[in-house]
Amino acid sequence: MVGWLDRLQQRHRGVGFAIAVLYKYVDDQGGYLAALITYYAFVSLFPLLLLMTTALGVLLAGNAELQQQVVEAAMGQFPVIGSQLQRPDELGGGPVAVVIGIAGALYGGLGVGQALQNAMDTVWAVPRNNRRDPIRSRLRSLLLIFILGSAAITATALSAAGRATETLGWVGKAGLAITAIAINAAICVVVFRVMTARHLTYRQVLPGALIAAVIWQLLQWFGAGYVAHTVTTASATNSVFALVLGLLAFLFLISVSLVVCAEVNVVRVDRLHPRALLTPFTDDVDLTAADRKTYAQKAKAERVKGFQRVSVRFDGPRTKPPDATVDVAEADDAR
């Protein structure tokens, strides 16, 4: 039965591709990569909110209604936070708040950038000696902060426009949703391309970016429903736990979706499918060409010096020795 299922999934292109993405995610320990991104995103979020509301208090002094609209529009990107953080007067502050907000936002933002670069280099199996050094990687993280900041401004403006066009009905809402997905897809394309040291084209990362944008939109809708039906009905004590845990879960789901969508691009570009059905569970398995290539790339990724050579040989009893040796230190790996 297992052998029949294995042959079936290898013959069926769609099923084999989906299984290969799942196995690649497991091979790369994608859950740990997503957890690291989640941690720094959570750390940076509240200082950013503090900095934003303080800046609004200065720029929009005397216009509390407009401050409230801007904050609510920004919070629309993180619906799990709920209405607890949508009151500018509760998060405002003076110069100390500005200093804390900038320091916290930089620490968390740089951490998100470093975690994303580590995740993208891991899924693309970039050798360690080809990855960016600590200085260049942090400069690239600053670029990420600029990208995400621009995205936040755009999303806020789009959300405000949505509130202004609520009378358009479902046609207007559908148009705004499509526009939001397009903007998020453009952001994901840039992130997937610039956050790895491997040279990639926009076409190579576009499919995963489109999937990530759709998932992001669905998570926003799900988060809004979650807040409406769970957080708002909880007691005062439980609502605090629901707020924190809900926000962590929301950020983790976003991080997982980013890693999985990056794996979609990797499996498609490097043709890492189909995989043997039992390869994660036992050594008693006939490895496919995609299995051998995946494991060889993982060994290659551990190369720490350009003059270090790493070779992989599969000499198990159920593999084919003539095709089993893979030299993973080719000159073209310096990309």
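1. What does the accessible surface of the chain come to, and what share of that surface belongs to carbon and sulfur atoms? In this predicted model, the accessible surface is about 17600 Å², and carbon and sulfur atoms account for 67% of that area. The chain has 335 residues, of which 45% count as buried.

2. The secondary structure consists of 11 helices and 2 strands. Among contacts between residues at least 6 apart in sequence, 74% join residues at least 24 apart.

3. The largest nonpolar core has 46 residues. The residues with the most contacts inside this core are Leu 116, Val 123, Phe 192, Met 195, Leu 258 and Val 259. Two or more residues are contributed by each of helix 2 (13–27), helix 3 (30–59), helix 6 (95–123), helix 7 (134–164), helix 8 (169–194), helix 9 (202–229) and helix 10 (236–270). Helix 10 supplies the largest share, with 12 residues. A second, separate core has 6 residues, including Val 285, Leu 287, Val 312 and Phe 314.

4. Leaving aside residues up to four places away in sequence, Val 123 touches Lys 24, Asp 28, Leu 33, Val 259, Ala 262, Glu 263 and Val 266.

5. Helix 2 can be checked by its length. Its 15 residues, at 1.5 Å a residue, should span 21 Å, and the end C-alpha atoms are 21 Å apart, so the two values agree. The buried residues of helix 2 are Gly 16, Phe 17, Ile 19, Ala 20, Val 21, Tyr 23, Lys 24, Tyr 25 and Asp 27. After the helix comes Gln 29, whose phi is positive, near 50°.

6. Which two residues does a cis peptide bond join? The bond links His 273 and Pro 274, with omega about 0°. Pro 274 lies in the loop between helix 10 and helix 11, and His 273 has its place in the loop between helix 10 and helix 11 (289–300).

7. Is His 273 buried or exposed? The residue counts as buried because its relative accessibility is 17%, below the cut-off of 20%. Not counting residues up to four places away in sequence, His 273 touches Arg 13, Gly 16, Phe 17, Ala 20, Val 267 and Ala 290.

8. With a relative accessible area of 29%, Thr 282 is partly exposed. A polar atom of the Thr 282 side chain lies 3.1 Å from the backbone nitrogen of Asp 284.

9. Ala 125 has a positive phi, near 55°, and is a residue other than glycine. Its place is in the loop between helix 6 and helix 7. Ala 125 is buried, with a relative accessible area of 6%.

10. How many disulfides does a search of the whole structure find? The search finds 0 disulfides. For Cys 188, the nearest cysteine sulfur is that of Cys 261, 7.4 Å away. Cys 188 counts as buried at 12% relative accessibility, and Cys 261 counts as buried at 1%.

How values were computed:
Residues numbered from 1 in each chain as written. Predicted model: local features only at pLDDT ≥ 70, side-chain atom pairs only at ≥ 80, totals over all residues. Heavy atoms only, no water. Core = buried A, V, L, I, M, F, W, Y, C linked by side-chain atoms within 4.5 Å. Buried < 20%, exposed > 50% of the residue type's maximum accessible area, 1.4 Å probe, protein only. Helix = DSSP H or I, 4+ residues; strand = E, 2+ residues; numbered from the N terminus. Contact = heavy atoms within 4.5 Å. Polar contact = N/O pair within 3.5 Å; in protein donor to acceptor, adjacent residues only side chain to side chain. Disulfide = S-S within 2.5 Å. Areas by Shrake-Rupley, 256 points an atom, 1.4 Å probe, with all protein chains shown as cover. Expected span 1.5 Å × (residues − 1).
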